[in-house]
Amino acid sequence: MGEGDPLPPIWRTWLAAALAAWMLLVVGGIVGVWALLEAAPAAVVLGGGALLALAGVALLVASLWAMMRDPVTGWLAPSAMLFFLGGLGPAFQPLSDAGARLNFERHRPAYEAVIADAKAGRLVPNAAGWVEGERDNVPFRYRADRPGTVEFAWARGPMACGVRYNESVCTPGAGLKCLDSGRPLADRYFNYTVGIADLTFRR
């Protein structure tokens, strides 16, 4: 391209493709983070999120540079990115909830089998009165004297999260505060988060 040749429109540059790919990765990461936390250490998931954030900063800088170089179509790049980021705020929780529900449905047969065994008293508790085990790669635990409250862990540690089955019905009143079971997934099933995950996914 010579010095006087016109610049190609922004939608025909590498920047447009990179922006589209980054947006898809961000949305996919929010929806798929629950499955990722099951499959990979929390540090890896957090590292991937940090890399996505750094890539976003780099793309924003590149978009502003493109706008200065090409005042005709270059403004579309930063505008598209800012529009996406503006919409991501209100869309974050619905996307996160959709991902949690997808991960829940993937394991639901195992959850229901464990709960059936718990209610029938077929699982043996340890000396401390807890029943702990794994069913179809799904870890679970509950108190033997409370088979109606079962916890299924997706991840433990600083990004602890998972599914809690809770049959107890609590109505808050004067002097009575109900334990937060988490965000509802289905009848008596809740998505719980603890620690960093609680700050990240609970809005």
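**From loop to core**

Tutor: Let's start with Asn137, which sits in the loop between S1 and S2. The model is predicted, so local features need pLDDT of at least 70 and side-chain atom pairs pLDDT 80 or more, while totals for chains, interfaces and linings use all residues. Residues are numbered from 1 along each chain as its sequence is written, and side-chain values use heavy atoms, leaving out hydrogens and water.

Student: What makes something a strand or a helix here?

Tutor: Both are DSSP runs, numbered from the N terminus: a helix is H or I over at least four residues, and a strand is E over at least two. S1 covers residues 130-135, so it passes the cut-off for a strand.

Student: Why is Asn137 called exposed?

Tutor: Exposed means over 50% relative accessible area, buried means under 20%, and partly exposed lies in between, with a 1.4 Å probe and protein chains only. Asn137 has 63%, so it is exposed. Asp136, in the loop between S1 and S2 as well, has 60% and therefore also counts as exposed.

Student: What makes a group of residues a nonpolar core?

Tutor: They must be buried Ala, Val, Leu, Ile, Met, Phe, Trp, Tyr or Cys residues, joined through side-chain atoms within 4.5 Å. The largest such core has 26 residues, and Phe152, Trp154 and Tyr111 are among those with the most contacts inside it. H3 provides the largest share, seven residues. A second, separate core of 15 residues includes Ile10, Ile30, Ala77 and Leu88. In soluble globular proteins, nonpolar side chains tend to be buried together.

Student: Which residues does Trp154 touch?

Tutor: Contact means heavy atoms within 4.5 Å. Not counting residues up to four places away in sequence, the neighbours of Trp154 include Trp34, Leu37, His107, Tyr111 and Val163.

Student: Why is the link between Arg108 and Glu112 called a salt bridge?

Tutor: The term needs a side-chain nitrogen of Lys or Arg within 4 Å of a carboxyl oxygen of Asp or Glu. In Arg108 and Glu112 the closest N and O atoms are 3.1 Å apart, so the pair qualifies. Both residues lie in helix H3 (residues 76-120), four residues apart, about one turn of the helix. Glu105, Arg108 and Glu112 are linked in a network of salt bridges. Side chains of opposite charge can pair when their charged atoms come close.

Student: Where do Glu167 and Arg188 lie?

Tutor: Their side chains meet in a salt bridge at 3.7 Å, N to O. The pair links distant parts of the chain: Glu167 is in the loop between S4 and S5, and Arg188 in the loop between S5 and S6, 21 residues apart. The whole structure has eleven salt bridges.

Student: Last one: which residues form a nonpolar patch on the surface?

Tutor: Leu64, Met67 and Trp75, with about 270 Å² of accessible area together. Areas come from the Shrake-Rupley method with a 1.4 Å probe, where for residues only the protein chains shown count as cover. Patch residues need over 30% relative accessible area and no salt bridge; like charges are joined within 9 Å, and nonpolar side chains (Val, Leu, Ile, Met, Phe, Trp, Tyr) within 5 Å. Leu64, found in helix H2, has 38%, so it clears the 30% limit while counting as partly exposed.

Key. Pairing = 2+ DSSP bridges.
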